[in-house]
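This report describes the overall make-up of one protein chain and then turns to two of its residues. The sequence and structure are shown first.

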Amino acid sequence: MLKALGFKLPANPLLQVLGLTSSATVISLLFAVLGNKVISLSLGTAGIAELGMFRALGGIVAGLLSLGYTNWINQEISLRSDAETKHRVLQTFIVVTAVQIVALGGVLLFASGLIADFLFDAAITDSLRFAVQIVLVMGLVNAIMQNVLSIFRGEGLAYDLTKIQLLTSISSFLLVFAFVRLSSTGLALTIGAGGIVGGSLATVLLGRRFGFHFLTHIDWSGGFKTMRRFLIPSLMIMLQVFGAYGALLGAQSILRRAFGADALGNFNAAHMVV
């Protein structure tokens, strides 16, 4: 894909990997900036204000729901790359995903309304409450996507990883043009819609490489034991993510209440550039 865009890759395999990842990162950042510009031109500072809060909330959800799987898999595959280890990694991924879905379901049922009321206070509307629920779901999508990508990183599948990243960033940008017409709901969808497209490709590539035979018999007990082993050591990292995004989200909420959506939009625009 990068060759088709005019990029020349070096002969050295290590430099090729570095070239692929760095080029994909630059392209992803470019499309992210362009997407923000489209939203700004279409919805103004009020749109950027909501988008910034939605991204912070999505970051909290994705960070907490990752459950430390990303850190564990990189260590697990780097130390052992035998068939048994790969099977355990994939089985654990299924268990972690099930736990993520159940956890988010609980939040949607019992806490989504409270979260929306806290963030938007007097400005809350039914459409914003629905948008917050979508953001929570998109946060789950991003958490699952992070865990899937960690499998490709652990296996050293740089070419597949680049394809997924590029498809995710390009589709995210293209979908913005449709989503800006949906106001708050559309902004909420931008948080993880590209991840759904990229995740679809990742699923196909994952199936080609490993097959789906591991789905025929899932060792739930073994998966939960493995998850407990890496969940506790990863709590500090999860709390750090929560603290960083939580502080940002809290500041955004206070800024919105004190100075209005336009001031928050200007703050978020500056923050996105940084």
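In this predicted model, G154 belongs to helix α5, which spans residues 126-155. G154 has a relative accessible area of 23% and is therefore partly exposed, since that class lies between the 20% limit for buried residues and the 50% limit for exposed ones. Although G154 and W72 are separated by 82 residues in sequence, their C-alpha atoms lie 9.9 Å apart in space.

The second residue, N268, is located in helix α11, which covers residues 261-273. Its relative accessibility is 2%, so N268 counts as buried; the cut-off for that class is under 20%. Leaving aside residues up to four places away in sequence, N268 touches I48, A49, G52, M53 and Q252. With Q252 there is also a polar contact, made between the side chains of N268 and Q252 at 2.8 Å.

The two residues compare as follows.

The setting for both residues is a protein chain with 11 helices and zero strands. Of its 274 residues, 46% are buried. The protein chain exposes about 13700 Å², of which carbon and sulfur atoms supply 68%. Considering contacts between residues at least 6 apart in sequence, 78% join residues at least 24 apart.

Note on methods:
Residues numbered from 1 in each chain as written. Predicted model: local features only at pLDDT ≥ 70, side-chain atom pairs only at ≥ 80, totals over all residues. Heavy atoms only, no water. Helix = DSSP H or I, 4+ residues; strand = E, 2+ residues; numbered from the N terminus. Buried < 20%, exposed > 50% of the residue type's maximum accessible area, 1.4 Å probe, protein only. Polar contact = N/O pair within 3.5 Å; in protein donor to acceptor, adjacent residues only side chain to side chain. Contact = heavy atoms within 4.5 Å. Areas by Shrake-Rupley, 256 points an atom, 1.4 Å probe, with all protein chains shown as cover.
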